[in-house]
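Q: I am new to this structure and would like to learn how to read it. Where do we start?

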Amino acid sequence: QVQLVESGGGLVQPGGSLRLSCVASGRTFRTSNVGWFRQAPGKEREFVAAMSIGNTVYADSVKGRFTISRDNAKNTVYLQMNSLKPEDTASYYCAVRGWGTVPGGWNYWGQGAQVTVSS
């Protein structure tokens, strides 16, 4: 069983930056794929970014603005978000042990962190 705890969400102006963190329990974190998804009100959960050993992928909508990274010593995965836009407003969820752009491909989820981009 893996538990994920997210932090770092908040309100930011357009063009600003935020960094989300997701701390995972469990000894196998360092060998697990990690990912981020987001869900806006009334919309389906959508893929943002994912990282495996040797491979990192991003949704076209965030490529060049968002960066996924991990610190295995801290069992933590990060999502650095720069040049934020109002359309980035959503609840952001980290996921581990899975792969792909479909939520059903991932096994464990965090509780979500709200990001609101507004002036």
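A: We start with a term: a residue is called buried when its relative accessible area is under 20%, exposed when that area is over 50%, and partly exposed in between. The model shown here is predicted. Take Ser91, which has a relative accessible area of 17% and is therefore buried.

Q: In which element does Ser91 lie, and with which residues is Ser91 in contact beyond its sequence neighbours?
A: Ser91 belongs to strand β9. Once the neighbours within four places in sequence are set aside, its contacts are Phe37, Arg38, Gln39, Ala113 and Gln114. With Gln114 there is also a polar contact, 2.9 Å between the two side chains.

Q: How many helices and strands does the protein have?
A: There are 0 helices and 11 strands. Read from the N terminus, the order of elements is β-β-β-β-β-β-β-β-β-β-β. The radius of gyration is 13 Å, close to the 14 Å that the globule rule gives for 119 residues, so the protein is as compact as a globular protein of that length. The C-alpha trace spans about 40 × 25 × 25 Å along its principal axes.

Q: How should I read contacts over the whole chain?
A: Look at how far apart in sequence the partners are. Taking contacts between residues at least 6 apart in sequence, 57% join residues at least 24 apart.

Q: Can we follow another buried residue in a strand?
A: Tyr78 lies in strand β8. Its relative accessible area is 12%, under the 20% limit, so Tyr78 is buried. Tyr58 is 20 residues away along the chain, with 14 Å between the two C-alpha atoms.

Q: Where is Asp88 found, and is Asp88 buried or exposed?
A: Asp88 is in the loop between β8 (76-81) and β9 (90-98). With a relative accessible area of 1%, Asp88 is buried. A polar atom of its side chain lies 2.8 Å from the backbone nitrogen of Lys85. Beyond neighbours within four places in sequence, Asp88 is in contact with Arg38, Arg65, Phe66, Ser83, Val115 and Val117.

Q: What about backbone angles?
A: Most residues other than glycine have a negative phi. Asn75 is not a glycine, yet has a positive phi of about 50°. Asn75 sits in the loop between β7 (66-71) and β8, and is buried at 18% relative accessibility. Arg97 also has a positive phi, near 60°, and is a residue other than glycine. Arg97 lies in strand β9 and is partly exposed, at 27% relative accessible area.

Q: How many charged side chains are there, and how far apart are the centres of the two sets?
A: The protein has 12 positive and 7 negative side chains. The centres of these two sets lie 9 Å apart.

Technical notes. Residues numbered from 1 in each chain as written. Predicted model: local features only at pLDDT ≥ 70, side-chain atom pairs only at ≥ 80, totals over all residues. Heavy atoms only, no water. Helix = DSSP H or I, 4+ residues; strand = E, 2+ residues; numbered from the N terminus. Rg over C-alpha atoms; globule rule 2.2 N^0.38 Å. Contact = heavy atoms within 4.5 Å. Lys, Arg positive; Asp, Glu negative; His and termini not counted. Charge placed at Lys NZ, Arg CZ, Asp CG, Glu CD. Buried < 20%, exposed > 50% of the residue type's maximum accessible area, 1.4 Å probe, protein only. Polar contact = N/O pair within 3.5 Å; in protein donor to acceptor, adjacent residues only side chain to side chain.
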